[in-house]
Amino acid sequence: IKQCEGTGLLGFAGDAGVSAGVFGGAAASGPDLSKATCVVAIRQMMSPAELADDTECKEIAEETKDKCEEDFGKVVHIIIARPGREGLAEEHGGVCFVRFQDEEGAKKAATGLWHLKFDDRVVETDFLGVENFEALAALYPEQTQPAQA
């Protein structure tokens, strides 16, 4: 273990490529479940190249929905907040937001996806209020169709 410290392999805060509390002040141990809502924000899941590609975004949204429903609960809607959209808060750019039917599914997803690795990226999760999710949906009318069952 000592040899792996600082390499990012262990997934501890301070390791190469691993940050503590980048989003929403979440601790290295996982998302803050006391702030849970039915919307999970998944940060660092997609690369800039994937975010720039319409087809990639659509495929990733579909795969994310399928995986989340298989493992965590019913997905109502997914929004991939692609950077550069007028009115988008900078901290939301590049984040995949998944709205679940209930808070329990969202808690399971936030915990289950925490520090999962996609390529060389370490995923961090947090929650977003439903009102804020609805505001994001208004910024992305092309993504306003709820995820299909």
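**Confidence.** I am working with a predicted model, so I checked pLDDT before anything else. The protein averages 84, and 77% of the residues score at least 70. I marked residues 12–27, where pLDDT stays under 50. The model has 36 contacts beyond four places in sequence for that stretch.

**Sheet.** I traced an open sheet of four strands, in the order β2-β3-β1-β6, with antiparallel pairing. Which strands stand at the edges? I found β2 (75–81) and β6 (124–128) there, each with a single partner strand, so one side of each is left without a neighbour in the sheet. From one strand to the next, the twist averages 25°.

I then looked at β1 (residues 39–43) and β3 (residues 95–100), which run antiparallel and are joined by four bridges. In this pair I noted A41 of β1, which stands opposite F97 in β3.

**Helix on the sheet.** I followed α2 (residues 54–71) and saw that this helix packs on the sheet, touching β1, β2 and β3. Its direction makes about 145° with that of β2.

**Second largest pocket.** I noted a volume of about 250 Å³ for this pocket. Its lining has 15 residues, and M45, I60, E63, T64 and F118 are the closest to its centre. Which element gives the largest share of the lining? I found that α2 does, with five residues. By class, I listed nine nonpolar, one polar and five charged residues in the lining.

Key
Residues are numbered from 1 along each chain as its sequence is written. This is a predicted model: local features need pLDDT of at least 70, side-chain atom pairs count only at pLDDT 80 or more; totals for chains, interfaces and linings use all residues. Side-chain values use heavy atoms; hydrogens and water are left out. Two strands pair if DSSP finds at least two bridges between them. Helices (H or I, at least four residues) and strands (E, at least two) are DSSP runs, numbered from the N terminus. Axes are lines fitted to C-alpha atoms, for helices over the stretch in contact, and angles run from 0 to 180 degrees between N-to-C directions. Contact means heavy atoms within 4.5 Å. pLDDT is the predictor's confidence in each residue, from 0 to 100. On a 1 Å grid over the protein atoms alone, a cavity is a set of points where a 1.4 Å probe fits but cannot get out, and a pocket is an open set with protein on both sides within 12 Å along at least five of seven lines; lining residues have an atom within 4 Å of a point. Grid points are joined across faces, edges and corners, and a volume is the space filled by probe spheres set on the points. Ala, Val, Leu, Ile, Met, Phe, Trp, Tyr, Cys and Pro count as nonpolar, Asp, Glu, Lys and Arg as charged, and the others, Gly among them, as polar.
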